[in-house]
Amino acid sequence: MSALLLNEISEKLQRGKAKDVAALVSQALEENIDPESILNQGLVSGMNVIGEKFRNNQVFVPEVLVAARAMNAGLKILKPALAGAGVEPLGTAVICTVKGDMHDIGKNLVKMMIEGQGIACIDLGVDVDPQVIVDTVRDNDVQLVCLSALLTTTMHGQKDVIDALVAAGLRDKVRVMVGGAPITQEFASEIGADCYTLDAASAAKEAKRLIGEMRG
């Protein structure tokens, strides 16, 4: 019975049915299904399907956004139970759009997809000064820094952040992922980033891999 319920959570999430997902998560908790199973076999499983379909151009940004909202509705119900059961996030990522850049749609989508992997996300917003990122990394148990830039005039802000992490002696403590319309693998390698991804679904997959590396 629990497998059927978890599968239903996954399917409703994929269809973006936020109210149904929240109700089913509540039902699963009432039936004493393990919170970690609800997270991984219900919510994360559903987001993984959406991510794969997004990579294969079978669904598009609107579908991903509604699925992510459904996931967040389920997580809101589930988080107290996860905390009570001592279930920790896989790790912590900091995400933002770099200094001088006000674009946030891509960044928000990546954040939702990363959270869909069970990773805690500290969202610093847009137009973020490198020092704010450095301070956030220093003050939190962060494994991954995700930097977005949508303009050719702001893309070098990603290098400024990496340079600031180096200057603060924190570069070896984190992995840095970069993305955005003007960014290429060549540019990412040139500025010393650890990872470049073309889309949000790939970013989520790589985030999980990189955090796994950092946490050993």
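**Entry 1: overall size**

What radius of gyration would a compact globule of 216 residues have, and what does the protein chain have? I looked this up first: such a globule would come near 17 Å, and the protein chain has 18 Å, which agrees. The radius is taken over C-alpha atoms, and the globule rule is 2.2 Å times the number of residues to the power 0.38. I also noted that the C-alpha trace spans about 55 × 35 × 25 Å along its principal axes.

A reminder to myself: this is a predicted model, where local features need pLDDT of at least 70 and side-chain atom pairs count only at pLDDT 80 or more, while totals for chains, interfaces and linings use all residues. Residues are numbered from 1 along each chain as its sequence is written, and side-chain values use heavy atoms, with hydrogens and water left out.

**Entry 2: elements in order**

I counted helices and strands as DSSP runs numbered from the N terminus (helices are H or I, at least four residues; strands are E, at least two). The protein chain has nine helices and five strands. Along the sequence I read the pattern α-α-α-α-β-α-β-α-β-α-β-α-β-α.

**Entry 3: the sheet**

In which order do the five strands of the open sheet stand? I found β2-β1-β3-β4-β5, with parallel pairing; two strands pair if DSSP finds at least two bridges between them. The edges are β2 (120-128) and β5, each with a single partner strand, so one side of each has no neighbour in the sheet.

I then followed β3. L144 stands opposite R175 in β4.

How many of the five residues of β3 are buried? I found five, so I call β3 mostly covered. Buried means under 20% relative accessible area, exposed over 50%, and partly exposed in between (1.4 Å probe, protein chains only). L144, C146 and S148 point one way from β3, while V145 and L147 point the other way.

Next I looked at α5, which lies across β1, β2 and β3 and runs at about 170° to β2. Helix α7 (residues 157-167) touches β1, β3 and β4, and its direction makes about 175° with that of β4. Axes here are lines fitted to C-alpha atoms, for helices over the stretch in contact, and angles run from 0 to 180 degrees between N-to-C directions.

Among the buried residues of α5 I listed K107, L109, V110 and E115. The buried residues of α5 pack against α3, α4, β1, β2, β3 and α9. Contact means heavy atoms within 4.5 Å.

**Entry 4: the cores**

Which residues touch the most other members of the largest nonpolar core? In this core of 46 residues they are I9, L13, I38, L43, L144 and M177. A nonpolar core is a set of buried Ala, Val, Leu, Ile, Met, Phe, Trp, Tyr and Cys residues joined through side-chain atoms within 4.5 Å. Helix α4 gives the most to this core, with eight residues.

Leaving aside neighbours within four places in sequence, L13 is in contact with V21, L43, G46, M47, A67, A70 and M71. I also found a second, separate core of 26 residues, which includes C96, V137, V176 and Y196.

**Entry 5: two single residues**

Is T197 buried or exposed? I found T197 buried, with a relative accessible area of 9%. T197 lies in the loop between β5 (195-196) and α9 (200-214). Not counting residues up to four places away in sequence, T197 touches M177, V178, G179, S202, A203 and E206.

Q27, in helix α2, is partly exposed, with a relative accessible area of 29%. Q27 and L5 are 22 residues apart in sequence and 8.6 Å apart in space, C-alpha to C-alpha.

**Entry 6: totals**

Buried residues make up 48% of the 216 residues. Among contacts between residues at least 6 apart in sequence, 73% join residues at least 24 apart.
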